[in-house]
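Have the structure open and turn it as you read.

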Amino acid sequence: IKKKQQDVVRFLEANKIEFEEVDITMSEEQRQWMYKNIPPEKKPAQGNPLPPQIFNGDRYCGDYDSFFESKESNTVFSFLGLKPRLASKAEP
């Protein structure tokens with residue numbers, strides 16, 4: 001879990017995307033909020049969803065596997081509900 005969390009944090013930091021990391025092990029209120037705000041079709045058949053779960057405000061984006069897939073297909077900004085950034089390369 002920790003490696004997956006670090007992967008998400010590194011990506012956000014590298015792309016200068018503001019975020020708030022929430023440790024649900026320290027707050028029952030935050031844990032309950034997360035469980036309540038994950039759509040039913042995204043919850044596991046058994047048990048509780050494992051972190052990292054990614055939200056943009058109150059909007060559920062997805063879990064780590066969804067994040068990883070969006071990273072691989074270069075669609076992370078739309079996954080996160082953000083406007084895509086223009087490439088920093090200058091036009092020839």
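Of the 92 residues in the chain, 26% are buried, where buried means under 20% relative accessible area, exposed means over 50%, and partly exposed covers what falls in between (1.4 Å probe, protein chains only). Keep in mind that this is a predicted model, so local features need pLDDT of at least 70 and side-chain atom pairs count only at pLDDT 80 or more, while totals for chains, interfaces and linings use all residues. Residues are numbered from 1 along each chain as its sequence is written, and side-chain values use heavy atoms, with hydrogens and water left out.

Now for the layout. The chain has four helices and two strands, and along the sequence they come in the order α-α-β-β-α-α. These elements are DSSP runs numbered from the N terminus, with helices being H or I of at least four residues and strands being E of at least two. The C-alpha trace spans about 55 × 25 × 25 Å along its principal axes.

Strand 1 (53-56) and strand 2 (residues 59-63) run antiparallel and are joined by four bridges; for two strands to count as paired, DSSP has to find at least two bridges between them. Together they make a hairpin with two residues between the strands, and G57 in the turn has a positive phi of about 65 degrees. If you look at N56, you'll find R59 of strand 2 standing opposite.

Next comes helix 3 (residues 64-72). Which of its residues are buried? They are Y64, F67 and S70, and they cover an arc of only 125 degrees around the axis, so they sit on the same side of helix 3. That arc is taken from the directions from the helix axis to the C-beta atoms. E69 and E72, on the other side of helix 3, are exposed.

Helix 3 also takes part in one of the two salt bridges in the structure. A salt bridge here is a side-chain nitrogen of Lys or Arg within 4 Å of a carboxyl oxygen of Asp or Glu. D7 pairs with K71 this way, with the closest N and O atoms 3.0 Å apart. Because D7 lies in helix 1 and K71 in helix 3, the pair ties together parts that are 64 residues apart in sequence. D7 is buried at 14% relative accessible area, whereas K71 is partly exposed at 26%.

The other salt bridge joins the side chains of R31 and E28, 2.6 Å from N to O. This one stays within helix 2, where R31 and E28 are three residues apart and so separated by about one helical turn. R31 is partly exposed at 22% relative accessibility, and E28 is partly exposed at 42%.

Finally, the largest pocket. Its volume is about 930 Å³, and 31 residues line it, with E20, E21, V22, Q53 and F55 the closest to its centre. A pocket is an open set of points on a 1 Å grid over the protein atoms alone, where a 1.4 Å probe fits, with protein on both sides within 12 Å along at least five of seven lines; lining residues have an atom within 4 Å of a point. Grid points are joined across faces, edges and corners, and the volume is the space filled by probe spheres set on the points. Helix 1 (2-14), helix 2 (28-37) and strand 1 each supply at least two lining residues, and helix 1 gives the largest share, with five.
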